[in-house]
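Please look over the sequence and the model shown below before reading on.

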Amino acid sequence: MLDVRDLHVFHGMIEAVRGISFSVPQSRCVVLLGPNGVGKTSTISAIAGIARSTGSIRLEGQPIETMSAEDRVRGGISVSPEGRRIFANLTVMENLVIGGATVRDKTVVRARIERWLATFPILAERRDQPAGTLSGGEQQMLTIARALMAGPKILLLDEPSLGLAPQICQQIFSLIADLKADGMTILLVEQNAAEAVKLADYVYLLSNGAVVAEGDQTTIGENEALMAELTGIA
């Protein structure tokens, strides 16, 4: 589904990501792990088209490096960003409508709104409420639902559990597991290593902007020293 080769990402003169390569197969969950500042969010931003980068980014075999961020959304890439970034003064419904802005068929938009409100019952209860009045967990649910409104081929999730209470984190991870079970292709950036590895089909560990280890769920999960280090990071 997604293939990234020799990706370098720049913020001004700073090289945040230094030539990483990875792939995300269709209907699989791939996880990027590592401490803050190693390039995980920069990688997500480059794939989404909102950070300056070099290298190859292919979606279903087609190069997307020169596409605008909006065209990447139209092509099938949606991002649930770190820090949620909902439109606080708009209602839940208005946030969802914005999420479907690239979809021309309004019948499809309405159907998706109903689908995701059914998936997130608490959002259905608060559909006419300003998004800024939601709890942190509810805002995270809205952020994910808004990303799903575009009907993505791949969903990029950037730190979905960040700043949430443990019980709410479990709800978010359960939701991601359900999306994966439904066949959604997911690239997950997450500092809660123990929970992320449970969801992962494959894991890449980043350090200083480079991939320093990789493996499937079993290989990473059974590496006690690595998991102890990663859990300490989280």
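Predicted model: local features only at pLDDT ≥ 70, side-chain atom pairs only at ≥ 80, totals over all residues.

Residues are numbered from 1 along each chain as its sequence is written, and side-chain values use heavy atoms, with hydrogens and water left out.

Helix α1 covers residues 40-48; here helices are DSSP runs of H or I with at least four residues, strands are runs of E with at least two, and both are numbered from the N terminus. Of the 9 residues in α1, 8 are buried, a term that stands for under 20% relative accessible area, with exposed meaning over 50% and partly exposed lying in between (1.4 Å probe, protein chains only). The buried residues of α1 are Lys40, Ser42, Thr43, Ile44, Ser45, Ala46, Ile47 and Ala48. Just after this helix, Gly49 adopts a positive phi of about 90 degrees.

With a relative accessibility of 11%, Ser42 counts as buried, and, when neighbours within four places in sequence are left aside, Ser42 is in contact (heavy atoms within 4.5 Å) with Val9, His11, Ala16, Val17 and Ala51. Although Leu206 and Phe22 are 184 residues apart along the chain, their C-alpha atoms are separated by 11 Å.

A helix pair comes next. Helix α3 (residues 92-99) packs against helix α6 (residues 136-148) at an angle of about 35 degrees, with the axes 7 Å apart; the axes are lines fitted to C-alpha atoms, for helices over the stretch in contact, and angles run from 0 to 180 degrees between N-to-C directions. The crossing of α3 with α6 is right-handed, that is, the near helix is turned clockwise from the far one by less than a right angle. On the α3 side the meeting residues are Val92, Asn95, Leu96 and Gly99, and on the α6 side they are Leu142, Ala145 and Arg146. By class, this contact has 4 nonpolar, 2 polar and 1 charged residues, where Ala, Val, Leu, Ile, Met, Phe, Trp, Tyr, Cys and Pro count as nonpolar, Asp, Glu, Lys and Arg as charged, and the others, Gly among them, as polar.

Helix α6 also holds Thr143, which counts as buried at 0% relative accessibility. Leaving aside neighbours within four places in sequence, Thr143 is in contact with Ser80, Pro81, Arg84 and Ile86.

A further threonine, Thr185, is found in strand β8, residues 185-189. Thr185 is buried, with a relative accessible area of 1%, and, not counting residues up to four places away in sequence, Thr185 touches residues including Met1, Val24, Ser27, Lys153 and Leu155. A polar atom of the Thr185 side chain lies 2.7 Å from the backbone nitrogen of Ser27.

What can bring charged side chains together? Side chains of opposite charge can pair when their charged atoms come close. A search of the whole structure finds 8 salt bridges, each being a side-chain nitrogen of Lys or Arg within 4 Å of a carboxyl oxygen of Asp or Glu. In one of them, Arg127 pairs with Glu114, with the closest N and O atoms 3.3 Å apart. Because Arg127 lies in the loop between α5 (121-125) and α6, and Glu114 in helix α4 (residues 106-119), this pair ties together parts that are 13 residues apart in sequence. Arg127 is partly exposed at 27% relative accessibility, and Glu114 is partly exposed at 44%.

Glu195 and Lys198 also form a salt bridge, at 3.3 Å from N to O; they are separated by about one helical turn because they are 3 residues apart in helix α8, residues 193-199. Glu195 is buried at 14% relative accessible area, whereas Lys198 is exposed at 56%. Finally, a network of salt bridges links Glu125, Arg126 and Glu138.

Note on methods:
Polar contact = N/O pair within 3.5 Å; in protein donor to acceptor, adjacent residues only side chain to side chain.
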